[in-house]
Amino acid sequence: MVIKFYQHILALVFAINEINENPKILPNVTLGSHIYDSYYNVKMTYRTILDMLFKSQRFIPNYKCDSQKNLIAVIGGLGFDTSFRMADILSLYKIPQLTYGSFAPEDMHAKKFPSFYRMFPKEDHQYTGIVRLLLHFRWTWVGLLAVNDENGEHFVQTMESLLSQNDICLAFTERIEKKIFWNTLNDIYVFASSTYKSLLDHKSRTLIFYGESMALVTFSACMFFVDAGYKEIAELRKVWIMTAQTDFVLTPFQTASNFQFFQGAILFTVHTKEVQGFQKFLECMKPDWKQGDGFLQDFWEQAFDCTVPNPPDLLKEDGMCTGEEKLDSLPEPFFEMHMTIHSYSIYNAVYAVAHALHAFHSSRFSHRAIRGGKRFECHDVEPWQMHWFLQGISFNNSEGEIFSFNGNGKLDAGFEIMNLVTFPNESSHTVKVGKVDPNAGKGKEFTINEDMLVWQGSFNQVLPLSVCNDYCLPGSRKKKKEGQKFCCYDCTPCPEGKVSDQKDMDDCIRCPGHQHPSKDQDGCVPKVITFLSVEEPLGISLASGAVSFSLVTVLVLGTFIKHRNTPIVKANNRDVTYILLISLLLCFLCPFLFLGPPRKLTCLFRQAAFGIIFSVAVSCVLAKTITVIVAFMATKPGSNMRKWVGKTLTTFTVLFCSLLQTGICTVWLGTSPPFPHFNMQSLDAEIVAECHEGSVTMFYIVLGYMGFLSIISLVVAFLARKLPDSFNEARFITFSMLLFCSVWVSFVPTYLSTKGKYMVAVEIFSILASSAGLLVCIFSPKCYIIVLRPELNTKEEIIRRKY
């Protein structure tokens, strides 16, 4: 006999006594009970049910004799197999059966046994709670011990599917027998050693135990059989997750130290509440307290290790029970003074039957009062008539808690999550740490306070890990190991450009456009906005160069204006020279449109201004070259080119070439103008503030047209380089245009291969280099003569050199 289970009987008796003493429930009706033991034996289960239905000791099915038992409902049993063997017979007679300690697979319950009522909540909520618990603590490599019966098989199949859906693996699955008797010692050893080896898996530190109390007793006994010191082995210290069917019990052959093995276990339990008066009821228990209780004597003798004298007035001897023993002196693992979950379920089951019978009584009384019938008698009730009232029942028990079945005969409630705490004096206590409430609001169905949890001593109050391998740290991702379960994997670094900011990520992700991976690729950091600033060394260098060349150009222009009437200035069209110098000055000032943060106005005009100004400069160079050729050809006798000598041709050349580029830029600005843009893709760690060209095609058309003018100027100047003229600029123009073309030919591949603010720097450098080439190659020889050799800048010298 399991001493702790005797409380189930006491809870039944206590509830019946309360109801019989309550005038508001079943007045003038006295409830009674018959208690039977199945002995965990199939034959005895069927025997006791038939005996209960038909006759004591000797029975004939479907024939009642001797004293009548007004049976209206049956409460039981504790185990799954016992409950369903009872249901095999009770369902034939449609007798309500309220089971208090087992779960039924949903399909079997609803279809095969419609008279079956469960005092436990729907098991689906327990499945969900277990999965949520594992996910909460990131336990992905767990073991499963399940009782070896139909209910256990249903649990295993359901959990395997749910765990797989939530990326949790079962390290092993072992079946637990709940046999009381074994055929041979070898059978015990084979079963125990297999389970023992599985438990030695040091990676799976979390175990789910599904089974009834006797399965746990069998498991502990078999572990002791394999290794008497199993409780001291560190590898066997686990986090035990116990389902609601399991109640920690000890047999007289076990010691309370067995509970130390389960220190820190997490228990799913049905909600209970301390029933007033129950503890006082237990304290009044005496070995001769109740006549007709065939279990009391056995319980008392086993609980207090004494013998009840028979008859009671015999002389008390050593080892005899005195009758003064107190139940509260028993250790809690053997017997509890507060109502256990199974006892609480029995207590509510009795009240459910009483309220249903009361409702039946009330409906019959009202009906007979109208028709003038006889008074209600208890034997008028048939068990099958109770179903309609049980299915719709809803009442407050003595503690004020609402109790009701749903439409399928299941208790409409959730589960509580408890933590088993053991103490050095071999006592234990459970603490509520969470709950599973399907009726709570969204996101509150599962709650747990992990700060209240007490773990196994070997874990040193540090959250234990239960994984196949170590977590992949941020900056890496999981890589499946071939031939192993998906919970076992390797960790590989994230590829370039991707990050993982959490543990155990399946894949790395890219950062948003405004962020970039950190150095360790474990997170995204904001990108820095960059542009070519006049405050940085590169910007200062380019700006200084632009200012310096601008000053030189102004100086050259001032020199030419001051000496405007000298022969060397007058040669090759003085006005075109002024226009060329002014356009070069503007070219040197163009870089300031490119420096600094891009703005709408600067983006709109900088490329167009650069293209038009450079076209004017190159047009001037082309006009000067054409002037040399036309002047030489006009000196030949009978030449028709004399009419082109003068300002008309040069003015036309400059205006035509410049206006054509202006037209191209106007179309560009009118159709797809440039605009400020934040480029987040070109560089990993920077956001480039730049001017988007709007139309890349138009940008290259502008460059292409400028290159076309440059090549024509180069070719014309090359052809005119040897023409006889005292101040023939063609030779210098050839060198300047050769340098100019070289710069811009190199610009295109360099510009395309550069990113960020350095693209702007390349363009500014090309503008300065090409402009400086024109300035130096064309004007330095003339400035040399004007400033350093003024004696050569005379008409006489020109005539002398010419002839």
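These are my notes on what I looked up.

Entry 1. I am working from a predicted model. I searched the whole structure for disulfides and found 7.

Entry 2. I looked up Cys306 and Cys321, which form a disulfide with their sulfur atoms 1.8 Å apart. The torsion about their S-S bond is about 95°, so I noted this disulfide as right-handed. Both cysteines lie in the loop between helix 10 (296–304) and helix 11 (341–371), 15 residues apart. Cys306 and Cys321 are both buried.

Entry 3. Next I took Cys468 and Cys488, a disulfide with a sulfur separation of 1.9 Å. I have Cys468 in the loop between strand 14 (446–448) and strand 15 (476–480), and Cys488 in the loop between strand 15 and strand 16 (489–493). Cys468 is buried at 7% relative accessibility, and Cys488 is buried at 2%.

Entry 4. Cys472 is joined to Cys491 by a disulfide, S to S 2.0 Å. I read -95° about the S-S bond, a left-handed link. Cys472 counts as buried at 0% relative accessibility, whereas Cys491 counts as partly exposed at 38%.

Entry 5. Cys590 is buried, with a relative accessible area of 3%.

Entry 6. I placed Val275 in the loop between strand 8 (266–270) and helix 9 (278–283). Val275 is buried, at 2% relative accessible area. I listed its contacts beyond four places in sequence, among them Phe14, Met339 and Tyr344.

Methods. Residues numbered from 1 in each chain as written. Predicted model: local features only at pLDDT ≥ 70, side-chain atom pairs only at ≥ 80, totals over all residues. Heavy atoms only, no water. Helix = DSSP H or I, 4+ residues; strand = E, 2+ residues; numbered from the N terminus. Buried < 20%, exposed > 50% of the residue type's maximum accessible area, 1.4 Å probe, protein only. Contact = heavy atoms within 4.5 Å. Disulfide = S-S within 2.5 Å.
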